[in-house]
Amino acid sequence: MHFKKSELTIIYNGKKELHKKTLAIAQGISKQINRQNINEVSLSSTLFRLAIEKLGVNAKDIMDKSNDSYQESIKGMDPDIDSAYNMIMNNPELLRCPIALYRDKAVLCNTPTDLLKVA
């Protein structure tokens, strides 16, 4: 697991515009950014679990419910953290928005400026 409280950790999908804008704002918050682009790196399940627990949400809450894969395979289910991890790693488009972790805070970045909540 690659997580340090002193770093701004961003879990994101580098193919989505919202995620790219959030990363741009992150560069103004911290010089030490742990970029976890789920299209390029194999995100550790431990870091994923930590993020979900710090957010205090269900794993399903970080998924894009408008995504076709969600509608076809997940709708009506309540996946646990491990199942959600596998689903998102196999289909990165399911990650609804970036997740930021900094110090002892975590936030779902529904808008790029939501990132400021962890600063």
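1. Helix crossing. Helix α2 passes helix α4 in a right-handed crossing. A crossing counts as left-handed if the near helix is turned anticlockwise from the far one by less than a right angle, and as right-handed if clockwise. The model is predicted: local features need pLDDT of at least 70, side-chain atom pairs count only at pLDDT 80 or more, and totals for chains, interfaces and linings use all residues. Residues are numbered from 1 along each chain as its sequence is written, and side-chain values use heavy atoms, with hydrogens and water left out.

2. Geometry of the pair. Two packed helices are described by the angle between their axes and the distance between the axes. Here α2 (residues 45–55) and α4 (residues 81–90) pack at about 120°, and their axes are 10 Å apart. That makes α2 oblique to α4. On this scale, angles under 35 degrees are roughly parallel, over 145 roughly antiparallel, 65 to 115 roughly perpendicular, and the rest oblique. Axes are lines fitted to C-alpha atoms, for helices over the stretch in contact; angles run from 0 to 180 degrees between N-to-C directions. Helices (H or I, at least four residues) and strands (E, at least two) are DSSP runs, numbered from the N terminus.

3. Who meets whom. From α2 come Ser45, Phe48, Arg49 and Ile52. They meet Ile81, Asp82, Ala84, Tyr85 and Ile88 in α4. Contact means heavy atoms within 4.5 Å.

4. Ile81. This residue is found in α4. Ile81 is buried, at a relative accessible area of 17%. Buried means under 20% relative accessible area, exposed over 50%, and partly exposed in between (1.4 Å probe, protein chains only). Ile81 touches Phe48, Arg49, Ile52 and Ala59, not counting residues up to four places away in sequence. Ile81 and Ile52 are 29 residues apart in sequence, and their C-alpha atoms are 7.7 Å apart in space.

5. The sheet. Four strands form an open sheet in the order β2-β1-β3-β4, with mixed pairing. The edge strands are β2 and β4 (105–108), and each pairs on one side only. Neighbouring strands of this sheet are turned by 15° against each other on average, direction ignored. Helix α1 packs on the sheet and touches β1 and β2; its direction makes about 175° with that of β1. Helix α2 lies across β1, β2, β3 and β4, running at about 85° to β3.

6. Strand β1. Five of the five residues of β1 (residues 8–12) are buried, so the strand is largely enclosed by the rest of the structure. Leu8, Ile10 and Tyr12 point one way from β1, while Thr9 and Ile11 point the other way.

7. Partners of β1. Strands pair if DSSP finds at least two bridges between them. β1 pairs with β2 (residues 33–37) in the parallel sense over five bridges. In that pairing Tyr12 stands opposite Asn37. β1 also pairs with β3 (residues 99–102), in the antiparallel sense over three bridges. There Thr9 stands opposite Leu101.

8. The β-α-β unit. β1, α1 (residues 17–29) and β2 make a right-handed β-α-β unit. A crossover is right-handed if, with the strands pointing away from the viewer, the path from the first strand over the helix to the second runs clockwise.

9. Pro79. Pro79 sits in the loop between α3 (68–74) and α4. Pro79 is buried, with a relative accessible area of 9%. Leaving out residues up to four places away in sequence, Pro79 touches Ala59, Lys60, Met63, Ile74, Ala84 and Met87. The C-alpha atoms of Pro79 and Leu115, 36 residues apart along the chain, are separated by 26 Å.

10. Asn91. This residue lies in the loop between α4 and β3. Asn91 is buried, with a relative accessible area of 19%. Asn91 touches Asn67 and Ser69, not counting residues up to four places away in sequence.

11. Arg103: a backbone point to check. Most residues other than glycine have a negative phi, and most peptide bonds are trans. Arg103 has phi near 55°, a positive value in a residue other than glycine. Arg103 lies in the loop between β3 and β4. Arg103 is partly exposed, at a relative accessible area of 47%.
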